[in-house]
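Dear colleague,

I am passing on to you the structure we spoke about, and below it I have written out what was found. Please keep it open while you read, so that you can look up each place as it comes.

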Amino acid sequence: MTWNRKKAPTSADTPRARVLNRLLGERRLGWIGLAVALLAPFVDASNYSLSVLTSAALFVMLAVGLNIVVGYCGLLDLGYAAFFAIGAYVSGVLATTYGWSLLATVPVVLAAAVLAGVIIGGPTLRLRSDYLAIVTLGFGEIIRITANNLDITGGPSGIYGIPGLELFGLDLSSPVAFYYAVVVIVALAVVGAARLGRSRMGRAWRFIREDEDAAEAMGIHTYKLKLAAYIAGAVWGGLAGILFGAQLSAISPQSFTFLWSALILLAVVLGGMGSTPGVVLGAVFVSVLPELLRDAADYRFFVFGVLLIVVMIFRPQGLWPSQASERTPARRPEVQKEDAWQA
Amino acid sequence: MAGVADAPGTLSAGPLLDVQDLHLDFGGIKAVDGLSFSAHDGDILSVIGPNGAGKTSAFNCITGFYKPTGGKVLVEGNDITGARPSAIAARGVSRTFQNLRLFGELTVLDNVRAGMHMRMKQNAFDALLHTPRFRRSERQATEEANHWLDFVGLRGDRGGPARNLPYGEQRRVEIARALALGPRLLLLDEPAAGLNHGEKLELLDLLRRISALGTALVLIEHDMGLVMQVSRRIVVLNFGKQIADGTPEEVRRNPAVLEAYLGKDEESHADETEVPHD
C-alpha cells in the first residue's frame with residue numbers, strides 16, 4: 001500500500017460543496033488565480049513585497065511538482081528540496097563559472113533532474129512507501145552535504161553572482177519584470193502538472209495511490225509509472241531551482257535544508273493532496289503567512305505553527321481537498337434496460 | 001518482461017490457459033500442491049473447494065501476484081510463470097479480487113478507464129499540449145467506459161467516487177473494469193459473495209453474456225447453485241490438491257468431493273463450523 005490518507009468524512013462530501021466545486025471549475029479558477037497574481041503588484045510594488053510574491057510563486061511551482069509525487073502517486077518524498085538544489089546549482093555553476101545564459105542551462109538542468117530522479121528513484125521505488133520516505137530524506141541531506149563540500153559548488157559559501165533572467169534578448173532582471181516572468185512560467189507549470197494529472201498517466205498514478213495491486217492487475221507497470229512520477233517531480237523542482245538562483249543571485253547549501261522539503265510537503269498536505277487549487281492555495285499560505293505575521297515578531301513562527309494545527313484539525317483533508325467528480329450527461333434509461341435484458 | 005518467453009508455434013492450437021503441476025509453498029504449508037487444469041476459448045470453468053483449499057492462492061499464481069514454487073502457467077502457449085502481473089495482464093488475462101479492490105476515491109468512470117490503460121494512445125506531450133490525439137483518446141475512453149458500465153448494468157452515479165456506490169454495484173464496477181481490459185481470459189474471485197438473490201440472478205446472466213463475447217471465464221465461487229448452473233467444467237481443490245475435474249454432473253457425484261465438503265468422521269478439522277451443508 002502506498003502512503004494512504006485516512007478518509008474522514010468532511011464537509012467536502014456535502015452536496016453544497018460539490019456544487020460549489022463545479023461552479024468554480026478548475027479552468028475558471030486558474031484564470032482567477034492568474035489575475036490575482038498579475039494584479040498584486042498594483043496593490044504594492046515595493047521591492048520587499050515583490051520579493052515575497054516572487055518567492056510565493058516559486059513555492060507554488062515546487063508544491064505542484066511535489067504534488068505529482070505525493071498527491072497523485074502517493075509516494076512520500078521527504079527530500080524534495082534536493083531536486084530544487086540540483087536545478088539551482090547546475091544552472092548557477094553553468095551561469096557563473098561558464099558564463100551561460102540561464103535559458104541555455106534549462107536543457108542541462110532537465111537532464112540533471114531526470115538523471116537524479118532515476119538514480120534516487122530507480123532503487124528506492126521498489127520499496128514500500130515508509131522506506132522510500134527514509135531514503136528520500138537521506139538523499140536530500142546527501143545533496144546538501146555534497147554541495148557543502150565540493151569546490152565547484154563553492155563549498156559552504158555557495159555560488160554568488162548568478163545573473164538575472166534574460167529571455168530572448170529581453171532583460172527581465174528588474175524585480176517587477178522578473179516577477180511577471182516567474183508568474184507566467186509558474187502558471188504554465190501549474191497547468192502542465194494539472195494536465196498530466198488528468199491524463200492517462202495521471203490516472204495511472206492515482207490508481208497506484210489507491211491500490212497498487214489492482215493497478216498492476218490492470219496492466220499498469222507500477223514501477224515504471226512511479227519512476228515517471230518521480231522524474232516529473234524532479235523536473236518541476238529543477239526548473240524552479242533555476243528561477244530561485246536567478247531571484248536571489250546567490251545560493252548556498254543553507255538554502256536547501258530539510259526545512260524546505262518539510263515546508264513544501266506541508267504546503268501540499270495543507271492545501272489538499274492531489275488537488276491543484278488546494279496545493280496552490282497551500283503554497284501561497286505557507287510562504288506568505290510568515291511574512292504577514294512579521295508584526296508578531298518573535299512569536300511569528302509560534303503563531304504560524306498554531307495556525308497550521310488549527311487548519312489540520314478543522315480541515316484534515318486540506319484547505320481545498322481533491323475530489324472525484326465528473327460531469328456525466330443524462331443517460332437514456334432505455335439503453336441500460338436493453339443491455340440488461342440482452343441474453 | 002522477466003520470465004515472459006515468446007514461444008510462437010503453439011498458438012491457438014493449445015488451450016488458452018494451461019496450468020501445469022502448480023505448487024506454492026508458504027514455509028511448510030503447501031497452499032497449492034500440484035494443481036493442473038486448462039481452460040479453452042469460451043469456457044466457463046469454476047474452481048471450488050472448502051475455505052483454505054488454495055483457490056485464491058492459485059489465482060494469485062496465475063496472475064503473477066505470487067511466484068509459484070513449482071510448475072508452469074501457460075497462456076496461449078506462452079510461459080508466463082513468475083512474470084509481473086502487468087505483463088500477464090498484457091497477455092489478455094484480467095481478474096477481479098475476492099475483497100473488492102476498487103479505486104474508492106476515484107470516479108466510477110475512472111475505475112473502468114483503468115482497464116483501458118494499456119490500449120490508450122496518448123503520451124505525456126499529448127497530455128501537456130492537449131493535442132487532438134489526446135482529446136480523441138479521452139473521448140473514446142469515456143465512451144468505452146460507459147459502454148462497459150451499461151454492459152454490467154450499473155444504475156448508480158458514474159461521475160462520483162466509487163466508494164459511494166452500494167456493495168452490489170461496486171461488484172459490477174469491478175467486473176466492468178476487468179472487462180475494459182479486453183481480456184481473452186477473465187478470472188473472477190467469488191463474484192457472488194455478498195450479493196442478494198436478485199443480484200445473483202443478474203450475475204448469472206452477466207456471466208453468460210461475458211462468455212458470449214468470447215472471453216473465457218474462470219471463477220472461484222462458493223455459491224453452489226450458481227456454480228452448477230453456469231459452469232461447463234468444475235475443478236475441485238482441497239488442501240491445495242486437485243481432487244476432481246469434470247462437468248457439474250460428474251463433480252456432484254464424485255465421492256472425493258463429497259468427502260471434502262462433508263468431512264470424514266474420524267478426522268476433525270479445525271474449521272468444522274465452516275463446512276457448508278448443501
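A salt bridge here is a side-chain nitrogen of Lys or Arg within 4 Å of a carboxyl oxygen of Asp or Glu. Side chains of opposite charge can pair when their charged atoms come close. Please bear in mind that this is a predicted model.

By that definition, the side chains of Lys226(A) and Glu212(A) form a salt bridge, with an N to O distance of 3.0 Å. This pair links distant parts of the chain, since Lys226(A) belongs to helix H10 of chain A and Glu212(A) to helix H9 of chain A, 14 residues apart. Are these two residues buried or exposed? Lys226(A) counts as buried because its relative accessibility is 4%, and Glu212(A) counts as buried as well, at 9%.

Arg209(B) pairs with Asp205(B), their closest N and O atoms being 3.2 Å apart; both residues lie in helix H7 (residues 197–212) of chain B, four residues apart, which is about one turn of the helix. Arg209(B) is buried, with a relative accessible area of 6%, whereas Asp205(B) is partly exposed, at 22%. Another salt bridge joins the side chains of Arg233(B) and Asp245(B) (3.5 Å, N to O), and here strand S9 (residues 233–238) of chain B holds Arg233(B) while strand S10 (residues 241–246) of chain B holds Asp245(B), twelve residues apart.

Turning to where the chains meet, 41 residues from chain A and 47 residues from chain B take part in the contact, and together the two chains bury about 4000 Å², 56% of it on carbon and sulfur atoms. Four salt bridges are counted between chain A and chain B, and Asp213(A) meets Arg101(B) in a salt bridge through their side chains, at 3.2 Å from N to O. On the side of chain A that touches chain B, H8(A) gives the most, with eight residues.

Finally, a nonpolar surface patch of about 790 Å² is made by residues of chain A, including Tyr299(A), Phe302(A) and Val306(A). Tyr299(A) sits in the loop between helix H12 (276–292) and helix H13 (300–314) of chain A, and it is exposed, with a relative accessible area of 57%.

With best wishes

Technical notes: Residues are numbered from 1 along each chain as its sequence is written. Chains are lettered from A and ligands numbered from 1 in the order in which they are written. This is a predicted model: local features need pLDDT of at least 70, side-chain atom pairs count only at pLDDT 80 or more; totals for chains, interfaces and linings use all residues. Side-chain values use heavy atoms; hydrogens and water are left out. Patches are made of residues with over 30% relative accessible area and no salt bridge: like charges are joined within 9 Å, nonpolar side chains (Val, Leu, Ile, Met, Phe, Trp, Tyr) within 5 Å. Accessible areas come from the Shrake-Rupley method with a 1.4 Å probe; for residues, only the protein chains shown count as cover. Helices (H or I, at least four residues) and strands (E, at least two) are DSSP runs, numbered from the N terminus. Buried means under 20% relative accessible area, exposed over 50%, partly exposed in between (1.4 Å probe, protein chains only). Contact means heavy atoms within 4.5 Å. Buried area is the accessible area (1.4 Å probe) that two parts lose on being put together, summed over both.
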